[in-house]
Amino acid sequence: MIAIKHLTHRYDGRDEDAVNDVSLSIAKGERVVILGASGSGKSTLLKCINRLVEPQSGSIEINSEDILKAKKQMSERIRGKIGMIFQNFNLLERETVLANVLNGRLRFNSALRAVFGMFSKQDYHEAEEQLKRVGLEGLSHERVSNLSGGQKQRVAIARALCQKPDVILGDEPVSSLDPKLMKEIMDLITSICIEENITVITCLHFLDFAKKYASRIVGINKGSIVFDGKPGDLTEKDIVEIYGKTRDWYIYGRTGY
Amino acid sequence: MVHLWEDGILKGIIPLSEGWKKYRSFLIGIVIAIIYLWAIRGTETSISNFAKGIPNMVDFVKRMFPPDLSNIGKFLLKAIETLQMAIVGSTIGALIAFPLSFLAARNIMPRKMVYQAIRTLFDIFRGINEIVWGLIYVSMVGLGPFPGVLALATHVCGALGRYFSESIETADPELVNAITATGANKIQVIARGIVPQIKPLFINYSLYYLENNFRAATVLGLVGAGGIGMELITSMRLFKSREVLTILIIMVGTVMLIDRLSAAIRKRVVGIKKIA
């Protein structure tokens, strides 16, 4: 369902590619974890998939539509079917939970309605449903700034689910949470994605999490794929290959974290 | 602190060779003294001139007492008109500044030409004082409060436009990314991702300018652009010193009242919400 071919991107003013000739084919319903050290290019790769980062070359086909070649409106339409969750939640802190979740319905609404904050009954219904699903029932009129970190990420997940996505991208979705919440949030994402057969691609630092939640691990080092396979096939040698013998290897790469 | 002054600031102003370095502070002192002497000479500022004027001042103040309250009703109505000018002028200015400010924000407007043009327009509106705008509009639409409203609106449009566009540029790009990622189009991203972030700043600046505009509106009358300032200049020209005092008291009183009111509103609108 997602076919990435020869994707390369280098940020302005850098002398190394952030993503270097990556080709990857992901089937519907796969749970892919992109594993790598800080600065390995995993986040850039993820952001290329929904074109938040405009890659320099290569192609990305989503349901056999090339998002990189698509015109503005078309690429917005493709992007709409891809939900995204972020490390820092990226919610409007001063707005209510409901207002944030409703933003996931923007793609079903005209620009004018958005300017006046108008949403249909169905949008509201959908938002409340998704909030119930992530366990935030009754909090819809709470201000986001009053919530805990774990609750905020649940709001972000509800926002992504409101898009009715085929794919969910997770850009280090649990990195700013404590270990207990990390597990809760990963459990939530995984169970929903299995239930709805949503393809999920997540960047993670932690080897343990990757092994537990992924159906497939893609290891990245300096923008290139160095491992691609089932979590069970990952050897000690592969792990060193992915992280290098860096600080990250000591912190995240060893089991038993 | 000494380090910063000696190494950072002074070095930047006067680059000196090693031998002269120890005299640097002394040299700076001389330069500053020369600037002051030059400015004082140019403006004929002198204590003796001031002393010579004191008897005149005492006489002027004496003639103002007691305040003449016979026309107070009319003056109060004029004070209300001044307030109305401030309200209408600020609102028109803010309403025009708001959409334009998005075109003058670098993170939204990719075309440098448009961005620069709008910024320059804001600078012209803001750079010319309300009084000068008042003079211009009076000659265009005649005497009365309407040219005053236009003058306030023009100046405020420039000032708020500048502030608005600068606050739009401070919007968190990650949050904007998050809204973009939902498949929203550009207008939706602005309305739902950027405006909510900067709304409190917008409200705060607008209220501040409403307050400011009332003060500005009191003097706009001096050039014939309506409000209580018009009464002030009339009474002064007719040497009705006791009326002048009444008007001054009303002016100061109303300004104080507006300041209090605006501070209270701002506290309610902005202060009540915690900043994340």
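Why does Leu207(A) count as buried? Leu207(A) has 24 C-beta neighbours inside 10 Å and therefore counts as buried; a residue is called buried if 20 or more other C-beta atoms lie within 10 Å of its own, exposed if 12 or fewer, and partly exposed in between, with C-beta atoms placed from the backbone. Leu207(A) is found in helix H8 (residues 207–213) of chain A. Helices (H or I, at least four residues) and strands (E, at least two) are DSSP runs, numbered from the N terminus. Between Leu207(A) and Ile189(A) there are 18 residues of separation in sequence and 17 Å in space, C-alpha to C-alpha.

The model is a predicted one, in which local features need pLDDT of at least 70 and side-chain atom pairs count only at pLDDT 80 or more, while totals for chains, interfaces and linings use all residues. Residues are numbered from 1 along each chain as its sequence is written, and chains are lettered from A and ligands numbered from 1 in the order in which they are written.

Chain A is divided into domain 1 (1–81 + 167–257) and domain 2 (91–164), with bounds that come from an automatic or database domain assignment. The centres of the two domains, taken over C-alpha atoms, are separated by 25 Å. Twelve residues from domain 1 of chain A and ten residues from domain 2 of chain A take part in the contact, two residues being in contact if their C-beta atoms, placed from the backbone, lie within 7 Å. On the side of domain 1, helix H7 (residues 179–196) of chain A gives the largest share, six residues. The residues of that side are eight nonpolar, two polar and two charged; Ala, Val, Leu, Ile, Met, Phe, Trp, Tyr, Cys and Pro count as nonpolar, Asp, Glu, Lys and Arg as charged, and the others, Gly among them, as polar.

Helix H5 (residues 121–133) of chain A has 13 residues and reaches 18 Å from its first C-alpha to its last, close to the 18 Å expected at 1.5 Å a residue; the expected span is 1.5 Å times one less than the number of residues. Its buried residues are Glu126(A), Ala127(A), Gln130(A) and Leu131(A). These cover an arc of only 135° around the axis, which puts them on the same side of H5(A); the arc is that of the directions from the helix axis to the C-beta atoms. Helix H3 (97–102) and helix H6 (149–162) of chain A are among the elements that cover them. The exposed residues Lys121(A), Gln122(A) and His125(A) lie on the face turned away from the buried side.

Strand S6 (82–86) of chain A has five of its five residues buried, so it is largely enclosed by the rest of the structure. Ile82(A), Met84(A) and Phe86(A) are on one side and Gly83(A) and Ile85(A) on the other. Five bridges join S6(A) to strand S7 (residues 167–171) of chain A, and the two run parallel; strands pair if DSSP finds at least two bridges between them. Ile85(A) stands opposite Gly170(A) in S7(A).

In the contact between chains, 23 residues of chain A meet 20 residues of chain B. Of the chain A side, H2(A) supplies the largest share, four residues. That side divides into eight nonpolar, eight polar and seven charged residues.
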